[in-house]
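These are my notebook entries on a structure that is new to me. I record in turn what I looked up.

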Amino acid sequence: MKPRLVIGLGNPLMGDEGAGWYAVSRLAGDPRLPEDVETIWGGTDLLRYAGQIEGRSRVILVDAIESAAPPGTVTVFEDCAELEERQTNAHELSAAQAMRLLQMMMPVRFTLLGVAIWSATAGNALSPAVEARMPAILDRVLEELGWNSSK
Amino acid sequence: MSVVVIEHLARVEGHGGITVELEGDTVANVRFDVFEGARLLEPLIRGKSYDEVAPTLSRICSICSVAHTLTSLKATEDAFDVHVSPQTELLRELLFRGESIESHALHLFLLAAPDYLDYPSAIAMAADKPAAVLLGLRMKKLGNLIQETIGGRAIHPVNAVPGGFGKPPTVDQLIELRSGLTQGMADSDAAIDVMASLPAADFCHSDTVYAALRSPNLDSYYSGDEVMAVSDGNRAIVHAADYRSLTNEQSLPHSHAKHSNFRGKPFMVGSLARLTVNPRRLTGRLAVAMKRLKFQLPADNPMDNNKAQALELISDVERALEIIEQLLRAGVKDERPVPIHPKAGTGTAITEAPRGMLIHSYTYDANGCIVAADVITPTALNAASMELHFRRAVEQCAEREEAVISKRLQMIARAYDPCISCSVHILRRR
């Protein structure tokens, strides 16, 4: 069985839309990241990573979500049924649809860490509100991987 | 007056709505609003150095990241008079074929087929028709594998650089791709079977102007200098550097994207346009598949773009195999990219992205930094043609029931395989 995988989804050119991308790109250089965890941060199409997901029992996704919670708040979804299937673009499945489709093909458990965002407009940086929460977001991803903040 | 408003395009949410205004049975107005992410990103590259442009603009879209990367590189190379090696051209084309296989497979089997068969999504269709969904996923995976192996990364290729190629594939990698493509040959035939089994979508007929790059060499067809517009037997040629005389972009109050018209008429780009402009491509297995699909040129039904994509799946797989054989025969050399000497000037490139012509045009200063950038996507080029075909479909629809009109218009929109707000994909909780 391949090691656990963390995938950061999002477009870093669309501000907070790229929250997952920014979080996992920073996680990759974090000394607290367990050695047996692999990371990918790419674009917005989860299905593109079917090959990398195949053969793993656990995949953690970090992605932007629309939420009433303050920007930067992380919500954990163990079941993708809690997420709307609606697509926000025409030629790509939503991450929720892609998760369901992948689970039809392979026995993989997804955990989605959804980052509440402030705005998604063109810009190559996170909003100050989400940027300020980034250390806490990384802590939360690492907790999901077994790191204990009280150590 | 009654108004039909379709806010969500075929399971697609966001900007991309269609508004139809009816006065009795007469169609008073049809408006299509498409939000175009690429335009928003142009200012982000102003002042950037030439080597930062392609990696930035590849992020306009995850599905078309190869097309944006290669079109960007070619525009930059055009500005600096750089000519890449034949091996680089082959590797770039292989990347392009991988993207096209992935994009067409995703579109046909996971997005368009559920429309024809009245399923709300690919997930719902998978319960009844797992073979079609698995076929789509398998072909998408093959396209991904080509892009990852050649491009060096699953999305947003890192090996394609100005003047050449980073790390070339190994012989073992090429042999692995060849094995995948051999299965892909059988899968592309099966794709024709699936498409031929779908119910007919015969609800929009229209004279259409098609525009695509003219293929001087039918073997390597992904970029070019000449665009041909074809309509009713008439042909016109526009050179890449004069692309503005083709696009004649106009801002309209109802659309976020500018609309393009050539000689006063909307035009359609994409697979159907490519086959119409270059019918000599339709030989061998494609000619056989054409008959199975009951596909004829010239087409007057925009829904035939789906059939044209299925035909291109065959030619993409065949061409990718040919390139790999060529590379294996010649041996892959470890070449260094051609040195770049920046200079002030403008460069333009047009490629045939999976969903149609993609234009990048840049003006650089003497230090090789961007002064101005113009990125025109196939979806923007198609916006006026989509609006025309929506109007024709409503005019030709005997029924005035909103659900019927809405379904038909959504299927037409889908057939264009549009890229709507493709740079944003935020999830929502139920």
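This is a predicted model: local features need pLDDT of at least 70, side-chain atom pairs count only at pLDDT 80 or more; totals for chains, interfaces and linings use all residues.

Entry 1: surroundings of one phenylalanine. Leaving aside neighbours within four places in sequence, I found B:Phe390 in contact with B:Ile18, B:Val30, B:Phe32, B:Leu409, B:Ile412 and B:Ala413. I located B:Phe390 in helix H12 of chain B.

Entry 2: aromatic pairs. I noted that a pair of aromatic rings is described by the distance of the centres and the angle of the planes. Over all chains, I recorded six aromatic pairs. One of them joins B:Phe32 and B:Phe390, whose ring centres are 5.4 Å apart with 80° between the planes, and this pair is edge-to-face. I then asked which parts of the chain the pair links. B:Phe32 belongs to strand E3 (residues 26-32) of chain B and B:Phe390 to helix H12 (residues 378-395), so that distant parts of the chain, 358 residues apart, are linked. Are these two residues buried or exposed? B:Phe32 has a relative accessible area of 0%, under the 20% cut-off, and is therefore buried. B:Phe390 likewise has a relative accessible area of 0% and is buried.

I turned next to the rings of B:Tyr362 and B:Tyr364. Their centres are 6.1 Å apart and their planes lie at 85°, so I recorded this pair as edge-to-face. Both B:Tyr362 and B:Tyr364 are buried. The two tyrosines also belong to one aromatic cluster, together with B:Tyr50 and B:Phe80.

Entry 3: chain B as a whole. I recorded 13 helices and 14 strands in chain B. Its radius of gyration is 21 Å, close to the 22 Å that the globule rule gives for 430 residues, so chain B is as compact as a globular protein of that length. Along the principal axes, its C-alpha atoms fill a box of roughly 65 × 50 × 45 Å. Of the 430 residues in chain B, 62% are buried. Among contacts in chain B with a separation of 6 or more, 70% are between residues 24 or more positions apart. I noted an accessible surface of about 15800 Å² for chain B, 50% of it belonging to carbon and sulfur atoms.

Entry 4: nonpolar cores. The largest nonpolar core has 164 residues, and A:Ile7 and A:Ile53 have the most contacts inside it. Helix H4 (residues 86-116) of chain B gives the largest share of this core, 14 residues. Which residues does A:Ile53 contact, leaving aside its neighbours within four places in sequence? I listed A:Leu5, A:Ile7, A:Leu46, A:Val59, A:Leu102, A:Met106, A:Val108 and A:Phe110. Apart from this core lies another, of 24 residues, including A:Leu27, A:Val62, A:Leu126 and A:Leu145.

Entry 5: a covered helix in chain A. I looked up helix H1 (residues 19-27) of chain A and found it mostly covered, with seven of its nine residues buried. The buried residues are A:Ala19, A:Gly20, A:Trp21, A:Tyr22, A:Ala23, A:Val24 and A:Leu27. What covers them includes strands E1 (4-8), E2 (37-41), E3 (58-66) and E5 (109-116), as well as helix H5 (134-144), of chain A.

Entry 6: a charge over a ring. Lastly, I noted that A:Arg32 lies over the face of A:Trp147, at 4.4 Å from the ring centre.

Definitions and conventions
Residues are numbered from 1 along each chain as its sequence is written. Chains are lettered from A and ligands numbered from 1 in the order in which they are written. Side-chain values use heavy atoms; hydrogens and water are left out. Rings of Phe, Tyr and Trp (its six-membered ring) pair if their centres lie within 6.5 Å; planes under 30 degrees apart count as stacked, over 60 as edge-to-face and the rest as tilted. Helices (H or I, at least four residues) and strands (E, at least two) are DSSP runs, numbered from the N terminus. Buried means under 20% relative accessible area, exposed over 50%, partly exposed in between (1.4 Å probe, protein chains only). A charge sits over a ring if NZ of Lys or CZ of Arg is within 6 Å of the ring centre and within 35 degrees of the ring normal. The radius of gyration is taken over C-alpha atoms; the globule rule is 2.2 Å times the number of residues to the power 0.38. Contact means heavy atoms within 4.5 Å. Accessible areas come from the Shrake-Rupley method with a 1.4 Å probe; for residues, only the protein chains shown count as cover. A nonpolar core is a set of buried Ala, Val, Leu, Ile, Met, Phe, Trp, Tyr and Cys residues joined through side-chain atoms within 4.5 Å.
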